[in-house]
Amino acid sequence: MKSKPIIPRALAEQDVDGALNYYISEETEQAVLGFVDALEQAYTHISRHPCTGSPRYAHELNLPGLRSWPLKHYPHIVFYVERPDHIDVWRVLHGQRDIPEGFRADAMEELVADVSAGKASGQPKSADAVFDRLEAKYASPAP
C-alpha cells in the first residue's frame, strides 16, 4: 500500500515540542531519542495503514473520522484524520490527560471549523521532513 504524507497541525507540533521539552528538562536523553523514534514509528504506521487506528474518541467526541494510535513505550496518543491525499494529525496528547478536554480547548474550535469548512491542513510533508524539523530543533549540542 502506498503511504500518505503526514501533515501535523500546529497543535500537534506544539504537543510534540511540549513532550520533548519535558524529557529534555528531566535530562533524559534516552527518553528524548526514544520518544522521537516512537513518534516516527507511529507516523510511519499511520501513513501506511491509516484505518488501523482506533475510532474510540471519534464516538466520544462526536468527531467523525477521528482515529488514534498509541506511541509504543510512551504514554502519548496520536490523533488524526485520514484525508484522500494525506494524514491530518490533529494532536499528540499524553494518554493520562483528559482527552475530551484536550479537544475542547479554544484552538480546537478553530480546527474543527477549518475541517468542517474543508480548509486544508497545510502543505503535505513526508515523515522525513517532520523528523528533519525535530532533529534541527532538538539535536543541537547542550551548552
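A search of the whole predicted structure finds 5 aromatic pairs, where rings of Phe, Tyr and Trp (its six-membered ring) pair if their centres lie within 6.5 Å, and planes under 30 degrees apart count as stacked, over 60 as edge-to-face and the rest as tilted. Here are two of them.

| Pair | Centre distance | Plane angle | Geometry |
|---|---|---|---|
| Y23 and F35 | 5.8 Å | 45° | tilted |
| Y57 and F79 | 5.3 Å | 75° | edge-to-face |

Y23 sits in helix α1 and F35 in helix α2, so this pair links parts 12 residues apart in sequence. Y23 is buried at 11% relative accessibility, and F35 is buried at 0% (buried means under 20% relative accessible area, with a 1.4 Å probe and protein chains only). Y23 and F35 also belong to one aromatic cluster with Y22 and Y74.

Now to the helices themselves. Helix α1 (residues 10-25) and helix α2 (residues 29-48) pack at about 155°, their axes 8 Å apart; the axes are lines fitted to C-alpha atoms over the stretch in contact, and angles run from 0 to 180 degrees between N-to-C directions. The two are therefore roughly antiparallel, the word for angles over 145 degrees. V16, A19, L20, Y23 and I24 of α1 meet A31, V32, F35, V36, L39 and Y43 of α2, contact meaning heavy atoms within 4.5 Å.

A note on conventions: residues are numbered from 1 along each chain as its sequence is written. In this predicted model local features need pLDDT of at least 70, side-chain atom pairs count only at pLDDT 80 or more, totals for chains, interfaces and linings use all residues, and side-chain values use heavy atoms, leaving out hydrogens and water.

Technical notes
Helices (H or I, at least four residues) and strands (E, at least two) are DSSP runs, numbered from the N terminus. Angles under 35 degrees count as roughly parallel, over 145 as roughly antiparallel, 65 to 115 as roughly perpendicular and the rest as oblique. Buried means under 20% relative accessible area, exposed over 50%, partly exposed in between (1.4 Å probe, protein chains only).
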